[in-house]
Each structure stands twice: as structure tokens, then as C-alpha cells.
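Visitor: I would like to learn how to read the features of a model like this one. Please take them one at a time.

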Amino acid sequence: MDISGLPGFYAIAAADPGRLAVIDADGTRTTYGDLLARVNQVSHGLRERGLATGDVAAGVLPNGIDALIMVMATAQIGLYYVPINWHLTATEIAYILKDCDAKVVVTGPEHAVPGGEIGTGGLAEGQSTAAPDGRTAGAVMWYTSGTTGFPKGVQRPLPGKEPEATLPLHIWFIGEVVDLKPGDARHLVTSPMYHSAPCAHAQLALHLGHTVVIAPRFDPAGTLKLIERHRIENAMMVPTMFHRMLQLPGEVKARYDLSSLRQVVHTAAACPVAVKKQIMEWWGPVLYEYYGSTESSIAFAVKPHEWLARPGTVGRPVPTFEAKICDESGDELPPGEPGLVYVKSGIGTFEYRKDPAKTAATKLGERGEWYTPGDIGYLDEDGYLFLCDRRTDMIVSGGVNIYPAEIEAALLEHPAVADVAVIGAPDEEWGHNVVALVQPAPGVEAGPALTAELLEHCGPRIARFKHPKVIEYREALPRTPTGKLSRSKVREDYLASRSP
């Protein structure tokens, strides 16, 4: 049926219940009608647990239908939903749950937390499949780390309207940015949905009437196989995935028919120009890129043919956004001159939950309408943005943001560590690797035994993906007279020592 005039998932599911909504990681198929019934049951269940408009529910969930149910259920009863990375330690998860004031947390069987519900079955049990009364739009609240290493919730004001009143704007916006339209198509989920972009794209796919195909995990050849088997038209990926697929043997790459692909959106980390060109030579001009942040959402975007004409750009400001480049004093710089990237959205604003000072620190202007993600770049004469560097301290590895201060804090808890600096070192596959440069305490012998001890020490304190890939030792680390670590000097010295 033609669903182009229907405003999003809830209306599509009611009008075309037999439409295929999800092919789960285990191959289970769920229709739009069945998915809506479960979403409605969970919405009723959340309300029965006492959650009201503006309250918070959280999920520590693997990729699968429960993750989608929680997003769609909270989105129609005015709740904030917080997806949590299940790779985090119990301490890290507990911190986020306490900070966001989650009244309900739903987990997978392998990621149980104290007081959590295992899956959505308990919330749905005995509940009506009819739509809840007083439907009002909710929002996802993502937790993102700052330079202090403590995550903060990026909270947007709730619109106070039913979802159908807000969805047309989102559907129009995604169509303008990456050419995705309502209708018959299949979307492939390749990344964990506790990250903002994969979750948002899966949710948008349902609002467009597409079928969401969920990969159990990213596997280079397996992803190509899924694209061919399900005739995937659109997907969201990160540059590390492109790199891994390009490394496959030629006969493996030639084995699969990828001609169904129309839009493969990438974000989260800079994509090397050579990698992006090779993918488009292989798949055709299907790579759409956007740049933004959890806070700003999508701020810049570039379509395939635009990028091929200007290799390396991350695009121009998207509809409803403005951009400017400023120096350290906040004065605007001319085209071609690098500075801090600032954006202003015409759609809405955000605040860091419980942290007005941090919110204010990222804003510019009398009303704080300009926001900086903290990246350095320049605009060309036509308004296309070219990034010079990511945030000074942040490490982007495999499309995931990693903050050095958090790792440094964990290592400094060990009595053998007198001082430590954590930096990102360029890596062809991952973008950057985490490197820890450690100054041992007096009398402590540096070497493989200490390295093993420090990595073991990190285990219960920080998630495994944050662990240093390399630990090296230094007699001293450069600090300013006020005691501030000069991480840029550490990085320069480390990279210079590895130059041929």
C-alpha cells in the first residue's frame, strides 16, 4: 500500500498491519501491526509502573526488537529514553542510571542490572494492545562524556504534542539531508543501537515504512551477505567498517551483488578520502556523509556527487541550520581560515542534564543559540566545511568517542602510577588507538609485568574498548606551571618519535 502520506510508524502500522517491520538478528520477522501491539502494551506497562510525562526509562539492551520497542513506546507517552552501552562496567552503568533518575530500566538477559526488567515481556504482560490515551511525544536522551570523563545527558525539551504532529518535520528533514523517503525499502542496522546515529536511523526507518534488518554484529563478509540476501537499500555505517570491507580478498568482494544499495550514510569519525573513493568505486555513488554531534544533531551533510567534486568536505549546513567559524575570542573568521566550528539550529536546543555550567560553556551569543562541538575547521567560499582536527583531547576509535581524562583517572588509582597522559595515535583501521604514556612511581620498574598489571587494573573500572592498546613509559610528563598536562606536547613528541 502507498504509505507516503502517513505521518510515521504508528499511523503506518494501523493502516497496513501486515507490512514487514523487522527482521531480527535471529531471523525472526515481525509485522508493523504486531510491533505496534507490543509497543502499545509496553507503553501501558510503563505508565502502570508510575512513569508520567517527563520521567525517564533506560535500556541496557543488545541489538534486537526490544531495543526498538523501548524507543517507540517511550516516544508516544512523553518519556525520556536513555539507551546505555552494555559494554560499560557495572559502576559506569550505575552512574548513568542514578544521574538520569531512571524509574525503569530494561535489560537483556546477559546484561542484567540490579532492579532491572529482563526484556519487555514483563512490561507488556496483561496490557492492552490499544493505543494509550493522551499520547504525547517523548525523546531519546543520549549520554555523552565531557573532558572530565563523566557522562552527561543531552536533554531536549519535550514538544508537548502527539507524535504525529512532530514526525512530518523529521521525515522531511531526513529526506532533504540523505534522500531517504517513505515507501518500500530495507534498512540494515550494522552498529550497536546504544549509539545515537544507529538508533536514530532505525527509528526513522520505521517512521518511513521501511523494513529494519538487524545484524547480530558487524562482520565484513557477513554484512555484504546480508545486503545481497535482503536487497538492502539503505544503511548507517562508520568508516572503520569501510576499511575492513576493503581489506577482504578480491574474490570475496566480487561474490556479492550490492546493486540494491541507494544510501549508505556514514558519520561518527573522519573517513579517509582514499577509503571513501574506493568504496564508491566499488558500490557506486551511494555514500552520504553528515557531521554533527549528540548535542547538535546533524549540522552539515554532503551527498555523493557533491563530495566527489570536493573530496574531504563534510558538507554544508543542513536545512534550518546556520554555521560560522570563530576564533578563540568568538569573532567570526573569513572563508579558508581555520577556527572553532559553531552551529545554530532552527529546530530546537538542548541542555546537559543537571549541569547548566557545562551547557553554558559550549554556547555563544547573548541567548546561547550558537553551539560548538569543539572541533576546528574552515568553510570554503561555497560554504562547505572541511575539518582540520577533532576535539583536541577526544579520541575517536572505530567511530566511538573516547575521553582521555576518564582513562587517566582509572590508571592514576594504581599506586605504581605517578603520572599519566592518554592520547590517540593514528591507526589505519580504527582511526585512532588509545595510547597511555605512564610515569611510574619512584622505585617501580617499568616493563611488561607492570603493563599487564595496569591493564588488569583497568578491567573493573572502565569499559574494555577504552583500555589502552599501547602503554609506554616516560621519566616525566610535560605540565604547565599550574600543573595542567600539556597533552598536545605529549602527542607531538609521541608521534615525532615514530616518524621515519
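Guide: Start with burial: a residue is buried under 20% relative accessible area, exposed over 50% and partly exposed in between (1.4 Å probe, protein chains only). Contact means heavy atoms within 4.5 Å. Helices (H or I, at least four residues) and strands (E, at least two) are DSSP runs, numbered from the N terminus. The model is predicted, with local features needing pLDDT of at least 70 and side-chain atom pairs counting only at pLDDT 80 or more, while totals for chains, interfaces and linings use all residues. Residues are numbered from 1 along each chain as its sequence is written, and side-chain values use heavy atoms, with hydrogens and water left out.

Visitor: How many residues of helix 9 are buried?

Guide: Seven of the eight residues in helix 9 (residues 239–246) are buried, and the helix is mostly covered. Among them are Pro239, Met241, Phe242 and His243. The buried residues pack against helix 8 (220–230), helix 10 (250–253) and helix 11 (273–283), as well as strand 12 (234–237), strand 13 (263–266) and strand 14 (287–293).

Visitor: At what angle do the axes of helix 6 and helix 7 cross?

Guide: Axes are lines fitted to C-alpha atoms, for helices over the stretch in contact, and angles run from 0 to 180 degrees between N-to-C directions. Under 35 degrees counts as roughly parallel, over 145 as roughly antiparallel, 65 to 115 as roughly perpendicular and the rest as oblique. Helix 6 (residues 163–178) and helix 7 (residues 196–207) have axes that come within 11 Å and cross at roughly 110°, so the two helices are roughly perpendicular. Helix 6 contributes Leu167, His170, Ile171 and Ile174 to the contact, and helix 7 contributes His201, Leu204 and His207.

Visitor: How is a pair of aromatic rings described?

Guide: By the distance of the centres and the angle of the planes. Rings of Phe, Tyr and Trp (its six-membered ring) pair if their centres lie within 6.5 Å; planes under 30 degrees apart are stacked, over 60 edge-to-face and the rest tilted. The structure holds nine such pairs. Tyr291 and Phe300 have ring centres 5.8 Å apart and planes at 40°, so this pair is tilted. Both Tyr291 and Phe300 are buried. Tyr378 and Phe386 are stacked, at 5.4 Å centre to centre with 10° between the planes. Tyr378 is partly exposed at 27% relative accessibility, whereas Phe386 is buried at 15%. Ring pairs also link Phe9, Tyr10 and Tyr32 into a cluster.
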